[in-house]
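Biologist: Could you walk me through the terms for this fold, one at a time?

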Amino acid sequence: MIKLGRLAGFSAKELEKFLNAFELCKLVMSTEAFRFAVEQSKFTDTKATGAFVYHQLMGANHTVNFQISTPPWYKRWLTKEIAREVTGVGVIFNRDKFMNRDLASLASTIAHEICHTASYTHTFWESPLRNGSVPYKIGYMVEELARALPKVNEVPEHLAAIESTNS
Ligand SMILES: [Zn+2]
């Protein structure tokens with residue numbers, strides 16, 4: 001069960017977008033496709049099987065916390081980081097870079113954070129090792145699956161054509 005914990009520093013508009021991304025993340029993680037993908041996977045940061053990782057992510061309670069905490073420009077300037085996990089809280093350093101992404105990309109970050117709350121970690125520097133860790137790999141999976149979800153609210157093309165001739 002994935003629950004939303006503390007969210008701090010968001011404007012009303014940012015909060016709305018974040019909540020939509022959170023729902024998308026939960027939706028993707030509840031699909032059979034996600035279960036299949038995780039169960040087939042191997043990870044660099046754990047010897048556990050994909051089935052075990054899936055069970056751990058979906059079977060326990062995980063609470064995600066996010067906080068937008070923009071440091072002064074001279075501190076931000078030294079790092080390219082968008083966010084960092086600090087004792088269970090995803091601390092967002094660069095609000096614009098973080099929020100100016102589509103929902104699938106935000107859902108990926110949320111999934112990454114869920115993996116941290118399930119105590120999976122990764123190395124700091126970018127490497128194949130880091131990309132194969134549970135947080136990164138699950139994050140990529142959620143983003144990919146979110147982009148592949150059928151657009152349920154889209155009017156099918158043939159119906160859209162009828163609507164436009166009637167109006
Ligand atoms: Zn991380």
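Modeller: S1 and strand S2 (residues 62-68) pair in the parallel sense over 5 bridges. This is a predicted model, where local features need pLDDT of at least 70 and side-chain atom pairs count only at pLDDT 80 or more, while totals for chains, interfaces and linings use all residues. Residues are numbered from 1 along each chain as its sequence is written.

Biologist: What makes S1 and S2 a pair?

Modeller: Two strands pair if DSSP finds at least two bridges between them. S1 and S2 have 5 bridges, so they pair. Ile2, for instance, has His62 in S2 as its bridge partner. Strands are DSSP runs of E with at least two residues, and helices are runs of H or I with at least four, numbered from the N terminus.

Biologist: Which residues make the contact between H2 and H8?

Modeller: Helix H2 (residues 32-39) and helix H8 (residues 134-148) have axes that come within 11 Å and cross at roughly 150°. Axes are lines fitted to C-alpha atoms, for helices over the stretch in contact, and angles run from 0 to 180 degrees between N-to-C directions. Ala33, Phe34, Ala37 and Val38 of H2 meet Ile138, Met141 and Leu145 of H8. Residues are in contact if their C-beta atoms, placed from the backbone, lie within 7 Å.

Terms used: Contact = placed C-beta atoms within 7 Å.
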